[in-house]
Amino acid sequence: MKISYKWLKEFIETDHSPEKVAEILTQTGLEVEGIEKIELIKGGLEGVYTGQVLSCEQHPNADRLKLTEVNVGLNNNLNIICGAPNVAVGQKVIVAPVGSKLITIKNESFKIKKSKLRGVASEGVMCSAVELELGQDADGLMILSENPKIGTPIANLFEKEVSLELEITANRGDCLSHIGVAREMAAYYEKDLVLPELNFHAPIFQEPSKENLIHSLSVDSENCPYYNLLAIRGVKVGPSPEWLSQRLESVGARSINNIVDITNFVLLETGQPLHAFDANKIVDQSIQVRQAHDGEKIITLDGIERVLDSDMMVIADSKNALVIAGVMGSVDAEVDESTVDIFLESAWFKPGNIRSTARRLGYIPIARKDLPVMLILPESILEPGERLI
């Protein structure tokens, strides 16, 4: 399991180096197998700066292009032609002037040259997240929300991350999160654990009904002692802010979208798995927690069709299985760009059943960059109703 050194320090005050933290964790019984320094910006992006869009006008010879004037802290402002649909005056953006270097997906560098688009000269490019390998949004500019100083080298904004690779034994499921590991360090230092502040007031409990987004909810499996579902209307699915995508990238998880990313963030920070369903893809807006039927099939998020049996537990609607409980979701209720309403699931499933299901399906529970993160808790960690934090 990867732990971000920077993330860890939010929960426990320490001036120790990553190497010293690794030594301390190993002394507490959490073996550190390696320390990795992660360069979030490949190659440092030589000559690439933060800039601000000063003006944005229509290109005279192209409907989908804009003529922009951009301040990047140099002697003169740059005239850049941009095809991104989200470009607007006042935005803080990432600018690669003529002469700067970017890195291709094949890890090859190339130099930005002065060019002409439809008869008008362009003195550089403004970058999207995918060009910088900081996210998956290739359709628009990466807008900097942290309000950096104009002319700041991009390498200074995205400092190198350090991650610790921990070998967590089966009896230490309480340490499968940043807070869990920080708790061990707090005990070692005899310091207080600094937990994140919560500013959330749960809505008044309502029974599922035709008037609510959740029409019905039933739990019909002894392998699920606790199940909680929250309906949220009017979400807007899109790229995550850079702080969130960077957090996930720092521990080897790929940013997918803001909804999926925040569930993975909560898992990695607290150890509590969450799952989001697209509410409008659920037949009859009915959720059932039940054992699978023998021979029941489900196509999981990795694109593989799985054949289930009655020893395995699923989350289903009135027609189909939507999730192999505690293992992986399916394509049938996946959150995507069209999602506007979601069901957010937080549950406690008996770990023995989850472990058995994953093993029989040949699924190895590790974080993969192309899939949401999952977590399987060891058998003896929690009792029904207990919390991880």
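Modeller: Happy to. R172, D174 and E184 are joined to one another in a network of salt bridges, in what is, please keep in mind, a predicted model. Side chains of opposite charge can pair when their charged atoms come close. Searching the whole structure turns up 10 salt bridges.

Let us visit a few of the pairs. E36 and K2 form a salt bridge through their side chains, with 2.9 Å from N to O. This pair ties together distant parts of the chain, 34 residues apart: E36 belongs to strand β2 (residues 31-38), and K2 to strand β1 (residues 2-4). E36 has 35% relative accessibility, so it counts as partly exposed. K2 is also classed as partly exposed, because its relative accessibility is 24%.

Next comes R360, whose side chain meets that of D309 in a salt bridge of 2.2 Å, N to O. Here too the pair links distant parts of the chain, 51 residues apart, with R360 in helix α7 (residues 351-360) and D309 in the loop between β18 (305-307) and β19 (313-316). R360 counts as partly exposed because its relative accessibility is 44%, whereas D309 is buried because its relative accessible area is 18%, and the cut-off for buried is under 20%.

D302 and R306 make another salt bridge, and their closest N and O atoms lie 2.6 Å apart. D302, at 22% relative accessibility, is partly exposed, while R306 is buried, with a relative accessible area of 9%.

Now for the part I would pick, strand β6. Of the 6 residues in β6 (residues 92-97), 6 are buried, so the strand is largely enclosed by the rest of the structure. Follow the side chains along β6 and you will see K92, I94 and A96 pointing one way, with V93, V95 and P97 pointing the other way. Residues on both sides are buried.

Which strands does β6 pair with? One partner is strand β3 (residues 49-58), which pairs with β6 in the antiparallel sense over 4 bridges. Within this pairing, I94 of β6 has T50 standing opposite. Another partner is strand β11 (residues 124-126), antiparallel to β6 and joined to it by 3 bridges. There, A96 has V125 in β11 as its bridge partner.

Stepping back, β6 takes its place in an open sheet of 5 strands, with antiparallel pairing and the order β5-β4-β3-β6-β11. At the edges stand β5 (78-82) and β11, each with a single partner strand, so each has one side left without a neighbour in the sheet. From one strand to the next, the twist averages 45°.

Then find I94 opposite T50, and A96 with its bridge partner V125 in β11.

Methods:
Residues numbered from 1 in each chain as written. Predicted model: local features only at pLDDT ≥ 70, side-chain atom pairs only at ≥ 80, totals over all residues. Heavy atoms only, no water. Buried < 20%, exposed > 50% of the residue type's maximum accessible area, 1.4 Å probe, protein only. Helix = DSSP H or I, 4+ residues; strand = E, 2+ residues; numbered from the N terminus. Pairing = 2+ DSSP bridges. Axes fitted to C-alpha atoms, helices over the stretch in contact; angles between N-to-C directions. Salt bridge = Lys/Arg side-chain N within 4 Å of Asp/Glu carboxyl O.
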